[in-house]
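Today I'm looking up charged side-chain pairs.

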Amino acid sequence: MTSYVFITGGVVSSLGKGITSACLGAILEARGLTISMIKLDPYINVDPGTMSPFQHGEVFVTQDGTETDLDLGHYERFVRTARCGRHSNYTTGRIYESVIGKERRGDYLGATVQVIPHITNEIKESVRKGAGDADICLVEIGGTVGDIESLPFLEAIRQMGIELGHDRVVYVHLTLVPYIPTSSEIKTKPTQHSVKELRSIGIQPDILVCRSEKPLPQEERKKIALFTNVPEKSVISAYDADDLYKIPAMMHEQGLDDIVARQLGLDLPPADLSEWEAVVDAKQHPDGEVDIAMVGKYMDLKDSYISLVEALQHGGIHTRTRVNIHFLESTDIEKSGPGCLENMDGIVVPGGFGDRGIEGKIEAVRYARENGIPYLGICLGMQVAVIEAARNLAGLEGAMSTEFDKNTPHPVVGLITEWQDQAGGTEQRSEESHLGGTMRLGAQAVELEEGSIAARSYGRTHIEERHRHRYEVNNRYREQLAAAGLRFSGLSVDDLVEMIELPGHPWFVASQFHPEFTSNPRDGHPLFKSFIAAARKHNEGTLPEVAQA
Ligand code: GLN
């Protein structure tokens with residue numbers, strides 16, 4: 001029987017509710033429990049697939065190909081048993097879509113369809129589906145208490161508390177406890193008000209997680225407890241940590257997992273946080289460092305590449321290397337040339353959409369190739385590497401992806417109109433297809449060429465990685481590109497290019513898939529470990545030079 005922990009947020013947004021939920025999952029998992037995790041998002045979009053990364057950060061893709069909120073990335077990085085998918089992220093839009101679909105089919109037998117009970121029932125049913133058979137399901141409610149949009153979700157979780165009882169449901173509320181420097185005071189009032197707001201809709205929190213700059217003094221804890229009717233020991237101080245991976249230990253030290261276990265009547269073994277300690281230790285005590293350039297757009301909004309940044313850091317953890325990431329706007333390379341790449345030990349071109357800065361990315365590839373700097377291209381980063389090789393190695397002048405130039409004389413990357421989905425069925429897409437849900441999405445099998453850097457990094461030739469893209473390398477150019485020196489080191493079951501390499505270059509690897517979505521701090525990821533190891537050799541001057549063709 002699954003128990004539930006509901007996590008709401010108050011006072012302001014961006015308090016790190018996703019990380020807090022993920023860390024709570026991590027410490028409960030460390031007590032031997034299986035965990036499932038769900039994010040409920042109050043916005044109307046059916047999924048975040050069409051939202052601008054400017055507004056919403058990265059779109060995280062799950063194994064089953066669902067485009068989800070970036071918090072699901074935190075869940076999977078922190079909690080091994082959390083297997084996120086289609087039932088792990090529900091938006092208001094998706095809930096309404098389903099209810100309206102049912103209404104049109106006549107499922108409600110002539111009833112007036114209302115927020116209560118129809119929408120709230122749909123939410124509860126979705127939560128139960130997402131919970132699966134895990135011991136505990138953690139449900140994070142997006143937005144801030146007091147928002148109009150989140151009311152139906154809060155009402156649904158309130159009802160679940162009544163239906164399941166106090167020993168199967170825990171309410172955690174995350175708030176901000178600001179420090180006012182001018183009066184040197186810590187203010188508990190916003191927390192009091194936020195809890196008041198929550199109680200006015202019928203939810204009494206069992207645990208408060210208070211975000212603050214410094215650890216919360218006992219006095220303030222006591223005050224918050226008194227005013228919010230939450231036991232003092234259940235007022236947890238989540239102060240700013242210099243490292244994300246210290247948070248599970250911080251929460252465990254204050255007994256958060258014990259409080260949850262006690263309320264749910266669970267008798268659990270002690271927490272084993274040794275892997276998290278090892279992660280923090282490796283991060284705090286590197287024995288080398290690298291400078292990695294990430295060349296893309298939206299570089300001022302780091303959240304749009306959060307999984308990639310994390311995966312690079314994981315590569316550092318597993319090679320004991322400090323990874324300094326430099327976010328470079330590709331349009332700056334277009335304006336001022338690739339000089340900014342001069343002292344870099346590795347260059348990454350991440351996934352992306354739209355043509356802004358595309359020539360700058362191609363230029364970054366060229367710089368990496370010609371100067372023997374380790375290059376990791378991801379999705380669009382592989383496509384630009386193919387374009388660069390086509391133009392500068394195969395002499396195909398004006399080569400381009402049809403995404404950016406429909407009339408290119410050499411469409412080395414183009415839209416294919418039919419491909420096989422995971423189940424072996426055929427999917428269709430065309431230039432006119434809707435943008436939502438017409439991409440190659442989710443985990444698909446890739447066969448790696450024996451002896452390639454990819455196969456050596458993974459230690460096997462059959463892998464599965466996640467996709468999110470519309471365009472593919474044009475197979476008509478494969479022979480020509482191979483003759484010019486490009487190696488197609490990974491192919492899909494339906495013979496699409498999944499990975500490329502450049503023999504003669506010490507480490508030049510790019511993938512059509514997104515390896516960053518399957519990296520986590522405790523295990524790292526083969527490609528990122530291998531990339532950071534190569535960058536480190538570059539930094540230490542032990543990487544072989546580029547072989548002259
Ligand atoms: N825009 C490219 C495509 O749709 C690449 C997508 C990506 O990098 N995720 O194929």
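Is arginine 31 buried or exposed? I looked it up: arginine 31 is buried at 8% relative accessibility (buried is under 20% relative accessible area, exposed over 50%, partly exposed in between, with a 1.4 Å probe and protein chains only).

A note on the source: this is a predicted model, where local features need pLDDT of at least 70, side-chain atom pairs count only at pLDDT 80 or more, and totals for chains, interfaces and linings use all residues. Residues are numbered from 1 along each chain as its sequence is written, and side-chain values use heavy atoms, leaving out hydrogens and water.

Next I checked the partner of arginine 31. Its side chain forms a salt bridge with aspartate 258, 2.9 Å from N to O (a side-chain nitrogen of Lys or Arg within 4 Å of a carboxyl oxygen of Asp or Glu). Aspartate 258 sits in helix H10 and arginine 31 in the loop between helix H1 and strand E2, so the pair ties together parts 227 residues apart in sequence (helices, H or I, of at least four residues and strands, E, of at least two are DSSP runs, numbered from the N terminus). Aspartate 258 is partly exposed at 32%.

Then I went to helix H6. Arginine 158 and glutamate 155 meet there in a salt bridge of 3.0 Å, N to O; they are three residues apart, about one turn of the helix. Glutamate 155 is buried at 16%, while arginine 158 is partly exposed at 25%.

Last entry: I noted the count, 34 salt bridges by this rule.
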